Amino acid sequence: MKPSRSALLTFGSALVLSATVALPSAQAAAPAPAADGGAVVREWYDTTAQTIAVAGAPTQVTNSRTWAISWLAAARATREAPGGRGRGAFQDAAVASAVHDALVALAPSRKAELDAALVGSLARIPDGPAEERGVAAGARQAKLALADREGDGLDPASVNAPFAVPTAAPGVWQPTPAGYAPAAQYGNRVAKPFLLDSPSQYRVGPPPALDSQRYRTDLEEVRAYGKSDSTVRTPQQTETATFWYGSSLTLYTEPLRVALTRSHGSVADQAGLVALFHTALVDTQIATSDSKYAYTRWRPVTAIRTGSIGTDPAWSPLHNTPAHPDYPSGHGTYAGAAEAVLDALAGPRTAPYTLTSPTAPGVRRTYTSWEQLTRENVDARVFSGIHSRSADEAGVALGQAVGHHALRGAGQLLRPLR
């Protein structure tokens, strides 16, 4: 259920340009932030992105967890800030200290770089008791956040727990070409969520029946538009597929930074935006694997090569098929959750912003809403030949449900741990 506007408004005042809500703040009557009050937040956002790019885990959800823990610690620490003149120094120091300590614990090979970044941040914060208390609050909340998530099942080995492939049958997932790799992300479905009551809380309904018109329509669309040498897919559609082919975590790093950069909220609001985004997306990835492995629906390449509808053993998709079931689409769930959070906390529309993609070098695309990203993700996976449209659309619905759930739980989530 989507949270009502009145419920969301209890979070506080507007966060960014056309925002509808702000995250809960420790001091409702706190003074407005300085013009560059988010400089430390942006600085440590970029440091987090660089740390994960250089020393991240091989599993996306593990890297999402790193973002979530680091920025939950920061958001909680900023909410310990007292009112008065030292509030800004406290919050800036708290963000730098919290993110630094969490990242050092989760990416220890980057300790030297992270230590240098912390020294640089603290050098720009006025010395004094406020700075010292902020550093201590950040360290304390990082330690508590790390302890709270210990053994949550989101380490790479647990994420890729072995999966016994079912006996081949119509509709049932099997390893896919070219590599026929073993199933990935099976362990997500038993990992500990941040906010969901259980991984299956928002499990999607079943995929279209194999004898349904919807299934036939889906398959024929992928067969035509997703084929490696398709004669009906346009160059623009091929570009869309290629632009959105990579990791969703990487592809959404720029959009979230756009929202952050345009924020008029306090340092606590900005840290909370990053924290809530990534905790929602961890839970979304957990929920995605629950649904995927509940239905184990075969991928289009398997259906087209071996199915009963116009079998074509030589058919190949534009892009290599990931090693997990079709339904629902993980890119769809990620996009749906990201859209839900950004719509609520940054407003559904904003001034034009331009994005790039590591899988489409030289391509720049311009957007004015977060919903546009979702629509392109839905189309892209069909044009890539790796998902049915039903899987994409079900994924968006699942992601939006989890995103709205996270918004409803924001107050409890961002409360400082004791």
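In helix H5, Leu114, Leu118 and Ser121 are buried (under 20% relative accessible area, with a 1.4 Å probe and protein chains only). The model is predicted, with local features requiring pLDDT of at least 70 and side-chain atom pairs pLDDT 80 or more, while totals for chains, interfaces and linings use all residues. Residues are numbered from 1 along each chain as its sequence is written, and side-chain values use heavy atoms, without hydrogens and water.

**Exercise 1.** Determine where the buried residues of H5 lie around its axis.

*Solution.* Seen down the axis of H5, the buried residues fall within an arc of 65°, so they line one face of the helix. The arc is taken from the directions from the helix axis to the C-beta atoms. On the other side of H5, Ala112, Ala116, Val119 and Ala123 are exposed, that is, over 50% relative accessible area. The buried residues pack against helix H2 (39–55) and H4.

**Exercise 2.** Describe the crossing of H4 and H6.

*Solution.* The axes of H4 (residues 87–106) and H6 (residues 129–148) come within 7 Å and cross at roughly 35°. The crossing is right-handed. The residues in contact (heavy atoms within 4.5 Å) include Phe90 of H4 and Leu146 of H6. The contact residues divide into 14 nonpolar, three polar and three charged.

Notes
Axes are lines fitted to C-alpha atoms, for helices over the stretch in contact, and angles run from 0 to 180 degrees between N-to-C directions. Helices (H or I, at least four residues) and strands (E, at least two) are DSSP runs, numbered from the N terminus. A crossing is left-handed if the near helix is turned anticlockwise from the far one by less than a right angle, and right-handed if clockwise. Ala, Val, Leu, Ile, Met, Phe, Trp, Tyr, Cys and Pro count as nonpolar, Asp, Glu, Lys and Arg as charged, and the others, Gly among them, as polar.
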